[in-house]
Amino acid sequence: MATSLAAPKLTATLSASPSLRTLRRNLSVPLSLLPNPSGPRALGLRSLPGSRPRRRRFSVEAAAEPDNGAEAARHYDFDLFTVGAGSGGVRASRFASNFGATVAVCELPFSTVSSETAGGVGGTCVLRGCVPKKLLVYASKYAHEFEESHGFGWMYDAEPKHDWSTLMANKNAELQRLTGIYKNILKNANVTLIEGRGKIVDPHTVDVDGKLYSARHILVSVGGRPFIPEIPGREYAIDSDLALDLPSKPEKIAIIGGGYIALEFAGIFNGLSSDVHVFIRQKKVLRGFDEEIRDFVAEQMSLRGIEFHTEESPQAIQKLPDGSLSLKTNKGTVEGFSHIMFATGRRPNTKNLGLETVGVKMTKNGAIEVDEFSRTSVPSIWAVGDVTDRINLTPVALMEGGALAKTIFLNEPTKPDYRAVPSAVFSQPPIGQVGPTEEQAIQEYGDVDIFTANFRPLKATLSGLPDRVFMKVIVCAKTNRVLGLHMCGEDSAEIVQGFAVAVKAGLTKADFDATVGIHPTTAEEFVTMRTPTRKIRRGPSSEGKKDSDAKAAAGV
Amino acid sequence: MARKMLIDGEMGKPDEADVHYDFDLFVIGAGSGGVRAGRFAANYGAKVGICELPFHPISSEVIGGVGGTCVLRGCVPKKILVYGAAFGGELEDARNYGWELNEKVDFNWKKLLHKKTEEITRLNGIYKRLLANAGVKLFEGEGKLVGPNEVEVTQLDGTKLCYSAKHILIATGGRAQRPNIPGQELGITSDEALSLEELPKRAVVLGGGYIAVEFASIWRGLGATVDLFFRKELPLRGFDDEMRAVVARNLEGRGINLHPRTNLTELIKTEDGMKVITDHGEELHADVVLFATGRIPNTKRLNLASAGVETDAMGAVKVDEYSCTNVPSIWAVGDVTNRMNLTPVALMEGTCFAKSVFGGQPSKPDYINVPYAVFCIPPLSVVGLSEEQAIEQANGDILVFTSTFNPMKNTVSGRQEKTAMKLLVDAETDKVVGASMCGPDAPEIVQGIAIALKCGATKAQFDSTVRFIISLPTLENL
């Protein structure tokens, strides 16, 4: 009985760009909508580089090129040579090509696990980070959903079982598809892709497996890699690359680290019914996050069955005759692990790149030092993304890559803007945040009003599970501006994304209050917070006082 | 006290100041708008009474309940059923993520219904406590006007109470209406649909509005065969045409049979349900027929004529921008005024009323850029103008930005369902004048965007916020 639907009639005139239509009210030519183009469509919600006028010639910033006259005459194989085809490198290359530059990018062959000789077009985000991680989060989250569904009347003859190999196969098929799509995107943008290991020979030359390419500009965007500390038995441990592609489900896993990667994998393995133990050096997880969020997420994760071992540092790993692993820490030894995973940070991939020889300056931990425009100490060499260790997030690498292409090839010097960058932790429950933490806000602004909500969402009242939601809005007492927003609970990442625009635009708490809620949602809580939970004021004699004292003194 | 009266501006009317009223405010109807207005008025120091019909999930002339439509027969129970139904799709999606499930997972409707009733009963109690804690006196019974400053409450045992009040607020909401076709008594409205004894196997829904598509999604998600009939080419008249087409495609994709430009003409009882006749001459068999054909304001039994309160052709109480009726002492908020029938709008109207009348700050509710959502599966959420409205209202050009993409979850689950987003921008000012999204979590995402729109954010400001869909990593992130 299904009836096909005719496309709605629109009174419109369509411009050439599929995602950008200019509609004139006086025109009344009825046109049916264009069908959706198949394949990935340029996202409308951003400026389209393709819509800018193309130019073949561009001027190089004279001041930055000491030997400008000579340079201009010299012929290069490429205007831009990018080393590393991850998020930042692909974005910069693609945009540069759209702006008229001749561009090549080199990348190591594809493998799910990275090394000195393996990588893959797409980079960490697509192959060993955001994407596979999120797929595993989706997979593991079903366990919680099955539990919830009991409360909504769903009944299972047998509790749902999970088949590890199906998940891995489907995940890897998707990664293969994505790396193919990325290659196509480069091809369609006329970027030359060279497979191999790039090494910088001089300020204008890159060596890829013995072949030399000259370039006016070189971009280093080789990303980072997980770091495992030197302890006895570290060869038995896995990192996040391997954890994303295990041949079988861990029965009992130790995860070492309290950062976002540790928490995300703890949620994944817990959902897929491993026995999960998280070992953290400090008292709390997620250093640098809002204190209340840190407490809240740990509590919620514990309620879902994850065991936290706080202030416990690993000292050695031992493999026992039965094949199981034991972990020795400063507090004792925990035995019987099938896997031990280190989520103890990531390091920039700057070894063996030839950076030292051409004089590119690096920080102590190996990150490339760059200026605000992502330029290194060598004027023709630039760097974006995790290799610079600024804010290591895919969207930030994209922003840096986009800004760089504009700076070099549109002659529009553009600085990436790191203010109010929203971010998420896909733990279970997830966290979303934008702007400073309460502690940072107090440091910077002194007088702030804190609005919080901690409640049991409608879904949990039905499911009977102990799930809760925590939300916080930080407001500058003097200006009423919303400085930051933090949330932990279902849909946090999606919710905070919407609010990030408002925070970034510098809107006030009054603006939040003037906005009508969408009922019934969790997000509406953010626009219905009427009374501050506490008002923090710098007392007249608070100089030298600690934040916590100031808080206590406020006592509201 | 004299000073207070002076502030109230009542010195000029000494005769009125002398009049003693039982209440400063008497509210008829304890739904979202009435409870909010009553509580806030009490917080401003007013003596407040409120009356409401006894509680039952299904409303009638003599049945209601503290909490009103939203809590007892609308948003809340509906969302509970949507949560329940959404698991249907989730179970399908889980398989490609490696979960081994039986071909058919059983569903116990009675359990869900029981828990839903438990929850709304709990909320009914919470609302009563809210009123008590605010010092608002609650009367159970049917409220009627007797005059501009007088109400009568008929209690359950038939006894009548009469009170005088300086101000009277009508907040009696609305109720589903049925079409006038033969056999209409065989059909149900959303009230009954939220409390059905049995889950229908074959459901027919008449209507193209949000209630119709929500119930179609609920029953489909729980496994029923669903046929949706509506008058227009696409469901959700008044929404952006492109988004309407997306919703229609998604409903079909989830297995709902759509019948555009089709009406029902007759329902005939049969042995195992009923026969449904359409104006195209088709016949269908159904266990349940839902009429989602609009709601009308509850004004019939209020005796509005006694005070001379004017209503419009639909029966909605006519009010000015401050929610005052043509009788200065009588006010009305919420669905009974048929302005914008949404819970948060009724709350806003209730708040503004209390502020204006008892807080000394005349406040008009602001209906610009009110966001709202349709909880079909997947949901639709919008704020600001539709493309059609934008073209209609704009002086110059409107830029339309759209994005249609396959959400990452679907890449592995294999679900063929695109998420669609749309931004409308005034070309001259760069201001975003409308935003809509159809896809998982759309209402949660649009809430934040609504603030930006409300404050006149520009497209440039949207662009400068690092990745609009940072948390939904997709190919478009490239």
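**A colleague's note on a predicted two-chain model**

1. Let's begin in chain B. Helix 9 of chain B is mostly covered, with 10 of its 13 residues buried. Keep in mind as you look that this is a predicted model. The buried residues of helix 9 are Asp241(B), Glu242(B), Met243(B), Arg244(B), Ala245(B), Val246(B), Val247(B), Ala248(B), Asn250(B) and Leu251(B). Helix 9 covers residues 241-253, and the span from its first C-alpha to its last is 18 Å, close to the 18 Å expected at 1.5 Å a residue.

2. Next, find two helices of chain B that pack together. Helix 3 (residues 32-43) and helix 10 (residues 343-358) of chain B have axes 8 Å apart, at an angle of about 30 degrees. An angle under 35 degrees counts as roughly parallel, and that is why helix 3 of chain B is described as roughly parallel to helix 10 of chain B. Their crossing is right-handed. On the helix 3 side, the contact is made by Ser32(B), Gly33(B), Arg36(B), Ala37(B), Phe40(B) and Ala41(B). Helix 10 of chain B brings Thr343(B), Ala346(B), Leu347(B), Gly350(B), Thr351(B), Phe353(B), Ala354(B) and Phe358(B). Sorted by class, this contact has 8 nonpolar, 5 polar and 1 charged residues.

3. Now turn to chain A as a whole. Its secondary structure comes to 15 helices and 27 strands. Chain A has 556 residues, and 56% of them count as buried. How much of the contact in chain A joins residues at least 24 apart, among contacts between residues at least 6 apart in sequence? The share is 62%.

4. Running over residues 164-188, helix 5 has 25 residues and reaches 36 Å from first C-alpha to last, close to the 36 Å expected at 1.5 Å a residue. Which of its residues are buried? They are Trp164(A), Leu167(A), Met168(A), Lys171(A), Glu174(A), Leu175(A), Leu178(A), Thr179(A), Ile181(A), Tyr182(A), Ile185(A) and Leu186(A). As you read along that list, remember that an α-helix has 3.6 residues a turn, so residues three or four places apart point the same way. After helix 5 of chain A comes Asn190(A), whose phi is positive, near 65 degrees.

5. Helix 5 of chain A also has a partner. The axes of helix 4 (residues 130-151) of chain A and helix 5 of chain A come within 10 Å and cross at roughly 150 degrees. This crossing is right-handed. Helix 4 of chain A contributes Val131(A), Pro132(A), Leu135(A), Leu136(A) and Ala139(A), while helix 5 of chain A contributes Leu167(A), Met168(A), Lys171(A), Glu174(A), Leu175(A) and Leu178(A). By class, the contact divides into 9 nonpolar, no polar and 2 charged residues.

6. Compare two single residues, one from each chain. Thr522(A) sits in the loop between helix 14 (509-514) and strand 27 (534-536) of chain A. Is Thr522(A) buried or exposed? Its relative accessible area is 12%, so Thr522(A) is buried. Leaving out residues up to four places away in sequence, Thr522(A) touches Phe455(A), Val469(A), Met471(A), Met487(A), Ile495(A) and Glu444(B). Lys269(B), in strand 12 (residues 264-270) of chain B, is exposed, with a relative accessible area of 62%. Beyond its neighbours within four places in sequence, Lys269(B) is in contact with Leu186(B) and Met274(B). Lys269(B) and Leu186(B) are 83 residues apart in sequence, yet their C-alpha atoms are 7.4 Å apart in space.

7. Finally, some backbone details to check. Most residues other than glycine have a negative phi, and most peptide bonds are trans. Where are the cis bonds to look at? One joins His519(A) and Pro520(A), with omega about -10 degrees, and Pro520(A) is in the loop between helix 14 and strand 27 of chain A. Another runs from Ile377(B) to Pro378(B), with omega near -5 degrees; Pro378(B) is in the loop between strand 18 (372-374) and strand 19 (380-384) of chain B.

8. Positive phi values deserve a look too. Asp389(A), although not a glycine, has a positive phi of about 50 degrees. Asp389(A) lies in the loop between strand 21 (381-383) and helix 10 (394-409) of chain A and is partly exposed, at 34% relative accessible area. Asn369(B), also not a glycine, has a positive phi of about 55 degrees. Asn369(B) is in the loop between helix 10 and strand 18 of chain B and is buried, with a relative accessible area of 17%.

Methods
Residues numbered from 1 in each chain as written. Chains lettered and ligands numbered in written order. Predicted model: local features only at pLDDT ≥ 70, side-chain atom pairs only at ≥ 80, totals over all residues. Heavy atoms only, no water. Axes fitted to C-alpha atoms, helices over the stretch in contact; angles between N-to-C directions. Helix = DSSP H or I, 4+ residues; strand = E, 2+ residues; numbered from the N terminus. Parallel < 35°, antiparallel > 145°, perpendicular 65-115°, else oblique. Left-handed = near helix turned anticlockwise from the far one by under 90°. Contact = heavy atoms within 4.5 Å. Nonpolar A, V, L, I, M, F, W, Y, C, P; charged D, E, K, R; others polar. Expected span 1.5 Å × (residues − 1). Buried < 20%, exposed > 50% of the residue type's maximum accessible area, 1.4 Å probe, protein only.
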